[in-house]
Each structure stands twice: as structure tokens, then as C-alpha cells.
Amino acid sequence: MAFWLADTRTVQQADAIQRFDPRFWTVDFPRPAMAALTTTAPDALRVDAIFRSAGDIVGLIWESEDRWDHPLLSYETVRDYSRLTLSFRWRSSGVIALDAVNGPTLTIEGRDAAGQPRSWYVRLWNYAQGSAEDALVSLPFSALDGGFLLPGEADPVHPGDIDRMFISLVAPGFVPGSDSAFPAECQSWAELSDIRCEGHAPMLEIGDVMVLPHGLAMATGYDDAYNQAPARLLRQIRGLGYRGTINHYIGMSHFFPLAPDGAGGFAVDPALTPVNAASEAWHRDFLDRAKAAGFDVILSQSYEVLAQHCPTTWQQRDSDGNAARTGWTPPSALLSPANTDATGWLASLAGTLAGWLADAGLPVRWQVGEPWWWITPDRRICLYDDAARTAFGGSPPVIADLGQPLTPGQRDLLDQAGALLSASTAALCATVRETAGAAGAETLLLAYLPTVLDPAMPDARRANLPAGWASPAFDVLQTEDYGWVTAGADALRKTGREAIEARLGYPRDRQHYLSGFVLSADDAEKHWPRIDAAASEARRLGVAQTFIWALPQVARDGFTRLPSLKDNAMQAFDDVLFPVALGSRASVTPEFSTSVTVSASGFERRNSLWTDARLRFDAGPGIRSEVELGELIAFFRARRGQARGFRLRDPSDFSSCAMTGTPGPIDQSIGIGDGATARFELAKLYGEGADAQRRRITRPRAESVQVSVDGVPTDGFVLEPLGVIAFDTPPPDGAAIRAGFLFDVPVRFAEDTLDIAGTVFAAGEAPSVPLVELREDA
């Protein structure tokens with residue numbers, strides 16, 4: 001594991017941007033409106049907006065505090081706008097004009113001179129020169145007044161403490177608070193160009209890190225990033241060291257057009273194009289910029305639609321007729337693979353995504369994400385919508401609980417459901433390949449293993465991991481198992497991986513792994529180490545690509561993946577033993593690092609910088625003959641001096657039993673079972689109780705390792721690299737996990753030179769051969 005959860009920028013590289021840089025504005029809006037932000041030039045931005053009801057409002061937002069970027073890449077927080085002037089050229093179409101009532105208004109949120117929260121409403125037309133749809137706007141913050149008519153209604157803005165400001169856009173026919181639908185959606189746009197900031201402190205410091213490539217790729221989702229400009233997202237992805245491919249999920253709530261549903265709401269309409277104009281503008285800009293930055297993109301779609309906009313007949317249902325609902329807020333609905341209107345709409349979307357990739361000059365790489373028959377928390381499978389019932393003969397047997405033993409008829413129903421699901425995804429793949437034409441396409445399937453391979457529902461895989469998906473139905477199998485990862489359920493992860501490989505037959509070089517995600521920031525410290533470790537494990541297992549899911553959580557929590565020392569050839573380790581046994585004359589030196597500050601009065605403050613001692617050895621006194629001297633020189637040359645590590649037996653401390661005793665299975669405590677965790681690190685404790693110092697053991701002698709669970713020896717485990725015990729079955733909750741072992745110390749030569757004089761050695765004087773311990777536990 002090599003990562004850091006950064007919460008602030010300290011010594012890292014910084015740059016400067018002009019305040020109000022177009023890349024760092026955002027948009028937002030209440031449903032059913034839609035808008036997207038793109039940057040059209042270094043000093044220009046464009047908002048594409050769609051208004052669907054009379055009360056829709058779209059806001060173009062600048063925030064004084066950067067809440068969206070990774071801490072190492074964010075801009076500084078400056079709330080004082082005094083003596084600043086923001087100017088730009090305004091152009092628009094399809095929104096109420098600058099000079100009209102309810103025309104574009106700048107809302108400023110902050111505090112007044114007395115520190116009381118305040119908002120001011122600045123009519124842009126009062127500071128514009130030109131026409132109502134093409135004007136130059138200049139906003140001098142220290143001489144800015146809210147109010148519709150000036151000077152009579154002037155409300156002076158206090159510029160010294162501003163949190164955020166936004167320009168509100170509304171369509172002709174706007175009625176505040178109305179939910180009355182327009183006869184047809186209103187497509188609009190507004191553009192700010194020639195954006196300039198002049199006066200006092202017009203620049204902002206911004207993080208400018210460039211993490212070295214670390215071998216991982218990034219996953220994103222439009223539902224999480226719809227409010228930001230593509231240029232902003234791609235800047236973060238590249239700056240944080242992600243390269244190669246971006247796996248981008250188009251989402252389930254923002255990309256589609258809507259039509260009135262006749263009941264006061266809005267729904268997806270298959271008669272419309274599958275993607276609305278605003279999200280199409282955003283995605284085309286995203287793909288063009290990704291290609292220019294050297295990325296290729298996997299575009300992903302799923303069988304999910306936000307429930308409030310999903311046609312009722314498209315939705316999967318349980319045997320009681322209840323519609324399938326995910327646990328998100330607001331929830332999404334699952335589309336039935338049996339409904340031809342729903343699958344036709346999905347095919348149209350798949351073809352659209354493939355066409356975008358081709359138009360951008362990118363390889364056509366398309367993923368269908370987590371297609372399944374939904375299973376409710378009480379284990380009821382949702383394959384009883386009207387279309388599915390018809391497909392299954394009209395009166396399919398009821399499966400009330402997938403966790404209970406099933407009848408042959410129920411299992412046959414699940415097999416039929418799996419065949420129907422795989423047929424629907426095959427039709428999508430065919431559409432993608434047809435759209436790609438002679439250039440070809442790569443199709444990918446994403447499966448979420450904790451659901452499709454839940455051991456409590458062993459027959460669920462018949463429906464949700466059908467045999468029709470077996471290789472070569474797709475070009476690549478993608479898996480994610482974040483529910484198991486964050487729970488520490490390593491045994492389930494291992495058996496799940498083995499099960500899906502056995503069932504579908506995709507070799508590792510045709511697999512991808514998605515590692516993540518952290519739903520709540522409160523869980524960051526606990527979950528990110530496991531996510532990082534899972535990503536590293538996937539790379540060791542040889543999957544073709546490993547992704548971190550997803551960018552919003554990476555930015556929120558400051559997750560910073562660092563290039564792994566194990567990936568660097570200069571950090572190589574040769575799993576061989578130092579050829580000369582250390583004798584009693586050899587020196588062993590444990591060292592700690594402690595910062596000691598002495599006050600003027602003589603009191604000390606001590607800060608221990610290392611949790612574990614680091615050992616130094618001088619192996620020279622152990623050399624007793626010219627034969628051993630020759631072996632040492634050959635070994636030194638083979639290690640290329642300091643370049644390569646190796647094993648060393650410390651004659652004073654090499655056992656879990658005391659220092660040199662015979663090991664037994666209850667020597668050292670290595671953890672407490674929780675019913676899910678299956679991997680435990682070997683360690684040795686020095687001292688007693690809470691003050692004991694814990695030493696990770698990364699180079700045990702494999703043949704010596706013994707393990708016990710609650711005092712009972714067991715052989716139901718394997719020894720993984722770096723001294724990790726992996727149980728076949730997770731130990732039960734509260735069980736004491738103990739181990740015994742012999743071990744070596746990972747070391748390297750401390751210098752790149754080996755000074756040995758033959759005459760001195762012949763005279764009986766020992767050479768100096770300094771060695772230093774390697775850290776391998778991070």
C-alpha cells in the first residue's frame with residue numbers, strides 16, 4: 001500500500017490562476033431542469049440549459065471555497081472581493097433577456113459589515129453595455145448595488161466577506177414556484193467570454209501537483225460530476241497520477257430528456273432521443289478533452305433510471321407487484337430485460353455512446369454495468385413485471401425468499417431469467433458493434449460480486465450471472481466487490497473471484513477490477529486502506545486494468561495514490577539468505593527516531609517518530625575464512641550494492657517464542673476475528689499490555705508458520721507474501737488469532753562499496769560489512 005489521505009496542501013507545488021477562471025465555475029438546478037457547463041476558451045464558458053417547467057431555475061455558480069477539487073489541487077479560499085472588478089461579455093439565447101423582469105440576476109451570499117448573514121440581488125442589466133442578449137458586463141464589487149432600479153432601490157453590497165455568488169437563468173414564461181410543464185422543453189444557452197478579473201488580489205493560488213503515474217486508472221460518473229466542467233475533472237485525474245483509461249458511467253438521472261407523464265411529473269420517453277442536449281454537449285467536450293490529454297474512455301450504461309422519471313411499465317417488480325428500488329436517495333428503478341420498450345431505449349443509448357466515441361476519434365469501448373434482476377433486502381427477486389411474466393409463461397412460480405431451498409421449478413425460472421438477461425445484453429453489444437463498424441468495438445461487462453455471488457443466496461447466480469455471459473460473450477469482464485472490501489471480508493473476496501472465473505472463464509488478462517468506494521467521509525480512514533490494498537492485490541493478480549471508483553470520493557477524502565516502491569526496479573528484493581551466518585562477534589543495533597525539544601527551563605518534549613525500531617547490522621565480524629569472503633563478494637556484486645534487498649538471520653532474535661526459542665501456534669497475538677476478516681498480518685510484540693511495541697514480520701520462514709484460533713491449531717490457511725495469513729474461512733467474531741514462526745530480517749547493503757583488504761583480513765582483522773533493515777509493511 002502506498003497512499004496518503006491529504007487534507008490540506010503544505011509544501012506541494014502551487015501555481016496561480018485568475019480569480020473566476022472558467023474551469024472552476026459550477027452549475028446547479030432543481031429537477032426537472034437540466035444544465036451543463038463547458039469551457040469554450042481559456043477565458044470563456046458556456047452553459048447549455050433545458051427548462052421543462054415554468055418554475056425552473058438554473059444557477060451558474062462561483063464559490064469562494066473550493067469544495068470540489070482534491071486538496072492538493074484546489075484553489076485557495078479568499079472571501080474578500082474588495083476593490084475587485086469582474087468583467088465579461090454576455091451572450092445568450094432562450095433565456096429571459098438582461099433587460100427584462102426576471103432577467104439574469106447575480107445573487108451574492110455572504111455577510112454584511114457587522115458579520116450578519118446577507119444576500120444581495122444584483123441585476124446584471126444595471127451593469128451592462130450593449131443589447132439585452134449581447135452585452136459587456138462590468139461588476140465593481142466595492143461599488144456594487146443590489147436592487148432592480150438604481151439608484152432608487154440601491155442595496156449596497158458588502159464585498160469583504162462573500163461565500164458564493166450565482167447568476168440565475170430562467171426561460172421565457174417563468175413563474176416563480178410554478179411546477180406547470182411547458183408544452184415542450186426549452187433549450188437555451190448562455191456564454192461568458194473575455195472573462196477578466198482586475199484590481200486588488202485578482203489571482204488565486206492553486207495546487208499544481210503532478211503525482212507520478214502509479215499504474216491505476218480512474219472511474220467517474222456523470223451523476224456525480226454533472227455540475228462541473230470536464231476540463232476541471234480531467235485536470236484532477238491527470239494531476240493525481242491516473243493514466244490510460246477513464247471508466248465513465250453516464251449515470252441514471254441526468255443524461256436523458258423528459259416529457260410530461262400526464263400525472264404532473266416527467267418521465268423518460270422512448271420517442272425522444274436517449275440523451276438530452278445539455279448532457280450531450282458535456283460528454284462530447286469530455287471525450288474530446290480526454291483524447292487530447294492522452295486518455296481513452298470506457299463509456300458505461302446500466303439498467304437503472306431514477307424512479308421518479310422511469311415509466312411504470314418498464315420497471316422490474318417482485319411477486320407482490322412492488323417496483324424494484326435501490327437504496328439511493330432518491331431511489332432508482334431497475335429496467336426489466338423483458339420489456340421491449342425499455343430494452344429498445346437501452347439499445348438506442350448504447351448506439352449513441354458508441355457514436356460519440358467514434359466521433360471523438362477514440363476506440364469504441366462500451367460497458368454495461370451491473371445488469372441484473374433486482375433482489376430486495378428481504379431476498380425477493382424482482383422478475384414478475386407484466387412483460388417478464390409473459391416471457392416466463394404467464395404464471396411463473398413465486399420465489400418468496402432466495403435464501404431458502406428452491407424447487408426444481410423455481411431453479412428453472414431463475415435459469416430462464418438468466419437467459420433473458422444475457423439475451424438483452426447481447427442485443428446491446430450487437431448495437432454497439434454495428435455502430436462502431438469496421439473499426440470494431442470492445443464490449444465490457446461489470447458485475448458486482450457481493451450481490452450476484454452472495455453465499456446466502458447460492459441460486460441467485462442462475463439469474464444474475466448467467467451462463468450466456470461466459471467468454472467470449474464480452475471482450476472484458478469487470479468486477480467490483482467494494483461491499484466485501486470495506487467489510488474486510490477477504491475470504492469472500494477470494495472465493496468470489498474464484499467462482500466468477502470458474503463460471504464465466506475470462507482469463508486475468510481479459511479482466512478489469514474496480515476498487516472502491518467510500519460512501520461517507522466519516523469512513524475514509526477505515527475504508528481507504530482496504531481499497532488501496534485491494535487495488536494493489538488486483539495488480540499483483542495480473543488483471544489488465546485496475547480502476548479506483550470514484551473521483552468524487554477521491555477528491556473529497558484527499559486520497560492520493562503514490563507510485564509503489566514495489567513497482568520500482570531499484571527496490572527489488574531477492575528472496576535469498578545472506579550467505580554468511582552472523583557469529584557472536586557481529587553487531588546488531590536497533591534504532592528509533594525521537595524528536596527531543598528542550599525548553600528554556602530545561603523541560604523536554606519527546607515525540608517518537610517511528611512506531612517500530614529499525615535494525616542495523618555489521619556482518620563483517622562473522623566472516624571467518626577466505627571462502628566465506630569470496631561468497632560475500634559474489635553476493636554483494638549480485639545484489640548490485642544497495643540496489644537489491646535480501647534475507648538475513650538475526651542470531652539474537654529470529655523466533656516468535658522469546659527471542660530464539662522453538663515456535664508454537666499460540667506464541668503471538670495477530671488479531672481478533674470479526675466473522676468477516678480472513679487476512680491477518682504476522683507480528684511480534686515486545687513488552688506487555690498497551691505499551692507493547694508491535695513489529696511486523698514480513699519474511700517468515702514458511703515451513704515454520706503455525707496458527708491457532710482460540711487456542712486450537714489449524715491448517716485452514718495459506719501464507720501470502722509479506723507475512724499475511726489468509727484463512728479459508730473467516731474466524732468467528734471474538735476469536736483470538738495467534739501464530740508462531742521463525743523469521744528473517746529484510747535488509748540491504750548500507751553502501752555501494754565493499755572495502756576489504758586482503759592483507760588486513762589475513763592478519764585477522766574483520767572487515768566492515770554494514771547492512772540496514774528494509775521497511776516492507778507499507
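Which residues are buried in α11? Before we get there, a quick word on the model: it is predicted, so local features need pLDDT of at least 70 and side-chain atom pairs count only at pLDDT 80 or more, while totals for chains, interfaces and linings use all residues. Residues are numbered from 1 along each chain as its sequence is written, and side-chain values use heavy atoms, with hydrogens and water left out.

**Helix α11**
- Ala524, His527, Trp528, Ile531, Asp532, Ala534, Ala535, Ser536, Glu537 and Ala538 are the buried residues of α11; buried means under 20% relative accessible area, with a 1.4 Å probe and protein chains only.
- Helices are DSSP runs (H or I, at least four residues) and strands are runs of E (at least two), numbered from the N terminus.
- The end C-alpha atoms of α11 (residues 524-541) are 25 Å apart, which agrees with the 26 Å that its 18 residues should span at 1.5 Å a residue; the expected span is 1.5 Å times one less than the number of residues.
- Gly542 follows α11 and has a positive phi, near 90 degrees.

**The open sheet**
- Six strands form an open sheet in the order β4-β5-β15-β7-β11-β10, with antiparallel pairing; strands pair if DSSP finds at least two bridges between them.
- At the edges are β4 (34-41) and β10 (128-131), each pairing on one side only.
- Seven bridges join β4 to β5 (residues 44-53), and Ala35 has Ala49 in β5 as its bridge partner.

**Tyr448**
- Tyr448 sits in strand β25 (residues 441-448) and counts as buried at 11% relative accessibility.
- A polar atom of the Tyr448 side chain lies 3.2 Å from the backbone nitrogen of Gly483.

Key. Buried means under 20% relative accessible area, exposed over 50%, partly exposed in between (1.4 Å probe, protein chains only). A polar contact is a pair of N or O atoms within 3.5 Å; within protein, one must be able to donate a hydrogen and the other to accept it, and residues adjacent in sequence count only if both atoms are side-chain atoms.
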